[in-house]
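Work through these exercises with the model open. Try each task before reading its solution.

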Amino acid sequence: MSHAPSSRAKRTARALALIAAALIPLAIVASPRLPADSPARPAGEELYRRGVLPSGVPLRATVLGDVPIEGTSAACTTCHQRSGMGSVEGRLWVPPVAGRVLFATRGSGQRLRPAYDDVALARALRDGVDVAGRPLDPLMPRYDLGSAELGALTAYLHGLGSEAAPGVTASEIRFATIVTPDADPAGRRAMSDVLETFFRNKAVQVRAIAKFGTYHDTFRRWVLSTWELSGPSSTWRAQLEERYAKEPVFAIVSGIGGTEWTPVHDFCETRRIPCLLPNVDVAPASAGKSYYSLYVSRGVALEAAAVAAEIASDPAPARVIQVVPTCGPGLAGADALRTALAVRKNVEIVNKIVVPGVLARKTLAAHKDGLRRAMNARPGSGRSRKPMPTRRARKHHRFPAGRRPDRRQGVALVPLTKNDSLCRRPAAAGASVSVRPRRIVVFWTPPTLARSALEGEEGEDPWDRAFVSSTVLDGEPAAIAASALPRSELVHPFTRPDELGRRLANLEIWLHARGVPAGLRRIQDQTLLACTLTGDALMHEFRDFDRDYFLELVDHVGSNQTVSAFHSRLSFGPGQRLLEKGCWLVPAEGDARAARWVTP
Amino acid sequence: MAARLATVRREPEDDYGQLADDGLVVLAKDGDHEAFGELVRRHRRMALRTAASVAGQDRAEDVVQDALILSFQALPTLQDSRRFPQWLGTIARFRALRVARVEGRRANRRVPFDEARVEETVSCAEEVDETELPRLEAALSRIPGPFEQVLRLHFFEGVPHQVIAERLGVSLSTSKWRCFRGKRGDRPRVRQRPRPAGPFLHELSRGPPEGLCGRGPANFRRACDSLELAEGAGRLEPDRDAAGHVAPVEDRKGGQVNSRSRSILPRSAGGLLLVASLAALPLLAIKPSGATGATDQPPAPPRFSRVVTRVDVPSVAVVDQDGRTVSLPEVLDSREPVVVNFFFASCGSICPVMTATLSRMREELGRQGRSVKTVSITIDPDQDTSDVLKAYAKRFSAGPGWTFLTGEPAAIASVQKAFGAETGGKFNHRALFFFRAARSDSWVRVEGLAGASDLAAEARGVMAAAVAGR
């Protein structure tokens, strides 16, 4: 079965060509009427994937002897998967049915299973008897198919998995990663550091394996190209098509974007390229609903949905103040929250826009840097050779001159604060004057810098409840600790903060051992996760390089192996395309273990 | 068991058989699980003999299992690749010595197992003493920083000493020394904290309690299952008596194996991966060409097993398909007969079949069937929100009296645990049905793909019991 893709393609082409002439007697009713290009295939595809007969009636079958099933439950793809390569669940193993496997001999000796032909396939589907006359597993449904339907399905199975996967040659497998022009340069660096290291290590591994020989033909050299986009987003699609035409790739691993990713998403879906976990905080609207693009989460939209659900859970009137940056994921999140709350009559929304500016950002960086130095936890630098200081030393750590975080400076650097009158909606007429609405503040910027934006509101911390977006803090424990406000909750779609620390130690050991310089840890972690999932899935793919099968394997390996620091709840499932479906609401005061998990 | 995918598609001609040990060790160091599988196949018997000679025949299996996992973990530290068998033997011998010592101490407290009572009292739930967690945390926090750090890294994260030493910039022996002193609860001569709970921490050498290590026992069970498979697939099939009932041997044994060997498993993310892959290794050993005709047709194994068990239904809040928050004990009100199963909506293979079977069972029972409450609990609560459940219920035209439940992941996990249905991953999910008569707290656990008529018979049984109880 170890065909190079090209020979496999030839084989199946031959098989397809033969179908018209030497096809099963059963399909004789159907095939002669069909033109040479065989439009029987869509009918077969409908049957295989959706369980709908050409007549539009749902497919019916009997399973376990006496249980009737129909429609999607009876469709082949439910168990044998879209690629036809079968699946494993618990102790159940579903054999592959893709044409090149089904219509070929498997095994040897006592385990020999002769090749199926079209008559044997008909017998298996109708009577549940395999090609050697043995009964099939009771879980394999017995179908009542007419000969035309059977013909369509057989033709589909012959073609299934027969196309050679683009980007795979006998010696190498090509991947790409995509960088959009609005991506954060620091994040970009973090991503490419990890990607380069991983691909370099992979090359060493593959060389080692090729030396010993046994499985060398299942391993290919991993080649990575970086597709850097430029110009306005309307031109990205054309740029991607051009790059893809020049060098086809098997899959897109990681990638980084700013607030716009939809053109890339659409490109991957149209070209049917698996796109694994790009680092985007503003996911396209169809994220999670399409087949080929896998995301870490819906990003800020997920946070906004969680906050909206929390606000909506209390029917009392509320006044929501959003502290919004002028650009970036925070702005997108604020927009999503405003949209989500717009339908609620008794919620008034006020947006306070702050301009953090370059200097403010620097202050935050200095602040983070200070904490980092205090913890002395950065590998890679000469300092990390020193042992970790004791708690006592950490407490009395002296910041280097001029590097001490300056809170006053932070406040001073938020000069522009204005009420966004366009976003303000008057409270609904029904809201009684006597009831003072709940005051809720949502921070879409680092709150240490944005607090002065609330000047003019009553009181020092003018809220009954506050939410802080964790994405704009990059989920960094130091930044989270620095932004603890009274009566506030962190909206955190990552590993719960109290577990994050020890998981980060693992990541840092990985990075350190391979000499990767320190960078944005969340980006590094997510990129490493994308690489690991790709590697694991490809390993299981063995010689059957197929994109659909690859995605099924990613679902499989991503469902029960924890390999990431920021994402400890890996929970892909069949056809699921988002890693995180909910987020933690972590109270700033008290124990992080009291956090609640919400799935909006 | 993801790694199985690769193994079942293996061709017979692909074999590591020709390679010498040292070649395999080099491959295994590079993360090649198949190579390690071959090493295991070659030297397992030797390790078993060594372990049996020290710790006795009945403990040898567990010891070797532990030793194999340890050796895989420590493989990068093996200097001379050609001495792998000797090295593995040493690990097994030391492991066996330790087990023999610990078992000797435990033997005084042991009570003989009453076979007769098993039918009623076997609980499939994992017993984990969560109350020890705070104590352990507290004890750890009392140890001085450097010691605590090494302990945490080594035992909870499974980081080898060499890596810790490199990371902390200390020598290898310092790292080991700190670990040793930290475990003993010693303090350096600085007087800064009260006396730590030394003896308790010493138990770390047997591994921390569940929960700290971010790894479910189910993974381990899987590893055990497949290792048993390697030794003789027959043992996985419980014995059947004349009535077709199955003695609950499997659960009992699984539980025991579990509780003892769980302790030394690696703590880290990498560890999880390792366990999953180790689980697949022995499969390779016995079926190098798994994807052959014989696997298509298993020799008609018994389709399901039936065990009576007791379940402490946890009082957690869950959400039904209409978005109502309800309390689980209320849903499983003991005044009516109930059937419970676990599923998830996006599942291929078994869940749709299980749901269809339940649907057919209800049809078969007809009017009677309405008095049996059917409760389907999702194991994927993040994905299966109440809207998803509603659509799913509609897809199987589930009528009144059939509730689909989701909830907070922690709550659902506790329910799974109480029913002994935890899986460690969606893809390891098994077909499980639970029946309970009215006014009773003993459940009939049906594992495997029983047909609709089998389930209907079971349901009639619990209804009859309900009538008799009145």
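**Exercise 1.** Which residue of E12(A) stands opposite A:Val323?

Solution. The residue is A:Lys352. Some ground rules apply before going on. This is a predicted model, in which local features need pLDDT of at least 70, side-chain atom pairs count only at pLDDT 80 or more, and totals for chains, interfaces and linings use all residues. Residues are numbered from 1 along each chain as its sequence is written, chains are lettered from A and ligands numbered from 1 in the order written, and side-chain values use heavy atoms, without hydrogens and water. Helices (H or I, at least four residues) and strands (E, at least two) are DSSP runs, numbered from the N terminus.

Next, take the pairing. E11(A) and E12(A) run parallel, with 7 bridges between them. Strands pair if DSSP finds at least two bridges between them. E11(A) also pairs with E14(A), in parallel, through 6 bridges. There, A:Val323 has A:Phe443 as its bridge partner.

**Exercise 2.** Explain why E11(A) counts as largely enclosed.

Solution. Start with the cut-offs: buried means under 20% relative accessible area, exposed over 50%, and partly exposed in between (1.4 Å probe, protein chains only). Now count. 7 of the 7 residues of E11(A) are buried, so the rest of the structure largely encloses the strand. Then sort by direction. A:Ala318, A:Val320, A:Gln322 and A:Val324 point one way, while A:Arg319, A:Ile321 and A:Val323 point the other way. In a regular strand, side chains alternate between the two faces of the sheet.

**Exercise 3.** Check the length of H11(A), then locate its buried face.

Solution. Helix H11 of chain A covers residues 329–342, which is 14 residues. The expected span is 1.5 Å times one less than the number of residues. That gives 20 Å, and the end C-alpha atoms are 20 Å apart, so the two agree.

Next, list the buried residues: A:Gly330, A:Gly333, A:Ala334, A:Leu337 and A:Leu341. Seen down the axis, they fall within an arc of 100 degrees, so they line one face of H11(A). The arc is taken over directions from the helix axis to the C-beta atoms. An α-helix has 3.6 residues a turn, so residues three or four places apart point the same way.

Then find the packing partners. The buried residues of H11(A) pack against helix H10 (300–312), strand E11 (318–324), strand E12 (347–354) and strand E14 (438–443) of chain A. Finally, E11(A), H11(A) and E12(A) form a right-handed β-α-β unit. Right-handed means that, with the strands pointing away from the viewer, the path from the first strand over the helix to the second runs clockwise.

**Exercise 4.** Is B:Glu408 buried or partly exposed?

Solution. First locate B:Glu408: the loop between strand E6 (402–406) and helix H19 (409–418) of chain B. Its relative accessibility is 40%, so B:Glu408 counts as partly exposed. B:Glu408 and B:Val316 are 92 residues apart in sequence, yet 9.3 Å apart in space, C-alpha to C-alpha.

Conventions. Contact = heavy atoms within 4.5 Å.
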